[in-house]
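Please keep the sequence and the model at hand while reading.

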Amino acid sequence: MGKTPPRLSAPCPRRELERSLLYSEELGIDLAGASDDACFRWFLASLLFGARISETTARHTYAAFVRHGLTTPSKIIGAGWDFLVNPIMREGGYVRYDESKSRQILRDCETLLADYGGSLNRLHDAARDARDVEERLGAFYGVGPVTTNIFLRELRPRWAKADPAPLPIVQDLARELQVDLNRYRRKSLVFTRVEAGLLRRRHVFRGKGGKTVPRAAAEKREADAATPEP
């Protein structure tokens, strides 16, 4: 007889999850007031986190943008493609996709300026509802469902029309760790913290057939739901 596969872990302490650091907070981005500056910084970070790279590379690359003062659409466009490829992407640790990711970020900055005057709050205000917000974000070059979800989930408590459903991997982890997501109001800050806490625990989860999936494979499963990187 085959052995029953072990559970991912014991149930997570609820209070611990509810105090989880947001990904935006980890990067020093304060979304409390949903200012244009903070929203763009988080959009830039979301473009990086949504790519098929590690979280470490995404964080380091975002830090490189900040270090070089490239935190507005105009400044990024002014820096140009060559500068984004090197030094920005190289300092961030990109070994693949550096040229295509630089191209995507430039195109998305151009679109944001052309269509919304560089303001993501204008995008939100122009949208009819939550679905329209997601569709408008999905219209940006190379932005798929995962990147859209990353950006909007931490804005749920701030933007009236931000209300993405949790990613499948979050729901899988919640079930595996015996966390009842229905006990929280999805638009609340505490739900967003629980979501972030669950994602940080995705180093392993049990996939179909009870197989334990390493973190790298779990991250790939999430990334594969996104639009392929151009």
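## Ala-63, a partly exposed residue

Ala-63 counts as partly exposed, at 33% relative accessibility, where buried means under 20% relative accessible area, exposed means over 50% and partly exposed lies in between, with a 1.4 Å probe and protein chains only. Ala-63 lies in helix H4, and Ala-63 and Leu-27 are 36 residues apart in sequence and 8.0 Å apart in space, C-alpha to C-alpha.

This is a predicted model, in which local features need pLDDT of at least 70 and side-chain atom pairs count only at pLDDT 80 or more, while totals for chains, interfaces and linings use all residues. Residues are numbered from 1 along each chain as its sequence is written, and side-chain values use heavy atoms, with hydrogens and water left out.

## Overall make-up

The protein has 12 helices and 2 strands, these being DSSP runs numbered from the N terminus, with helices (H or I) of at least four residues and strands (E) of at least two. Along the sequence, the elements follow the pattern α-α-α-α-α-α-α-α-α-α-α-β-β-α.

Of the 230 residues in the protein, buried residues make up 51%. Among the contacts with a separation of 6 or more, 65% are accounted for by residues 24 or more positions apart, where contact means heavy atoms within 4.5 Å.

## The packing of H3 and H4

Two packed helices are described by the angle between their axes and the distance between the axes. For helix H3 (residues 36–49) and helix H4 (residues 55–67), the axes come within 9 Å and cross at roughly 145 degrees; axes are lines fitted to C-alpha atoms, for helices over the stretch in contact, and angles run from 0 to 180 degrees between N-to-C directions. The crossing of H3 and H4 is right-handed, a term used if the near helix is turned clockwise from the far one by less than a right angle, and left-handed if anticlockwise.

On the H3 side, Arg-41, Leu-44, Ala-45, Leu-48 and Phe-49 meet Glu-55, Ala-58, Arg-59, Thr-61, Tyr-62, Phe-65 and Val-66 in H4. The residues of this contact divide into 8 nonpolar, 1 polar and 3 charged, with Ala, Val, Leu, Ile, Met, Phe, Trp, Tyr, Cys and Pro counted as nonpolar, Asp, Glu, Lys and Arg as charged, and the others, Gly among them, as polar.

## Aromatic rings

The structure holds 6 aromatic pairs; rings of Phe, Tyr and Trp (its six-membered ring) pair if their centres lie within 6.5 Å, and planes under 30 degrees apart count as stacked, over 60 as edge-to-face and the rest as tilted. Tyr-23 and Phe-49 form an edge-to-face pair, at 5.8 Å centre to centre and with 75 degrees between the planes. This pair links distant parts of the chain, as Tyr-23 is in helix H2 (residues 23–26) and Phe-49 in helix H3, 26 residues apart. Tyr-23 is buried, with a relative accessible area of 4%, and Phe-49 also counts as buried, at 14% relative accessibility.

Phe-49 forms a tilted pair with Trp-42, at 6.5 Å centre to centre and with 50 degrees between the planes, and Trp-42 is buried, with a relative accessible area of 0%. Elsewhere, Phe-40, Phe-43, Phe-140, Phe-151 and Trp-159 form one aromatic cluster. The charged end of Arg-107 sits over the ring of Tyr-141, 3.6 Å from its centre, which requires NZ of Lys or CZ of Arg within 6 Å of the ring centre and within 35 degrees of the ring normal.

## Leu-137 and its surroundings

Leu-137 lies in helix H8 and is buried, with a relative accessible area of 1%. Not counting residues up to four places away in sequence, Leu-137 touches Phe-43, Leu-120, Leu-123, Val-143, Thr-148, Phe-151 and Leu-152.

## Loop residues

Most residues other than glycine have a negative phi. Ala-34, however, has a phi near 50 degrees, a positive value; Ala-34 has its place in the loop between H2 and H3 and is buried, with a relative accessible area of 10%. Gln-178 has a phi near 60 degrees, also a positive value, and its place is in the loop between helix H10 (168–176) and helix H11 (189–200).
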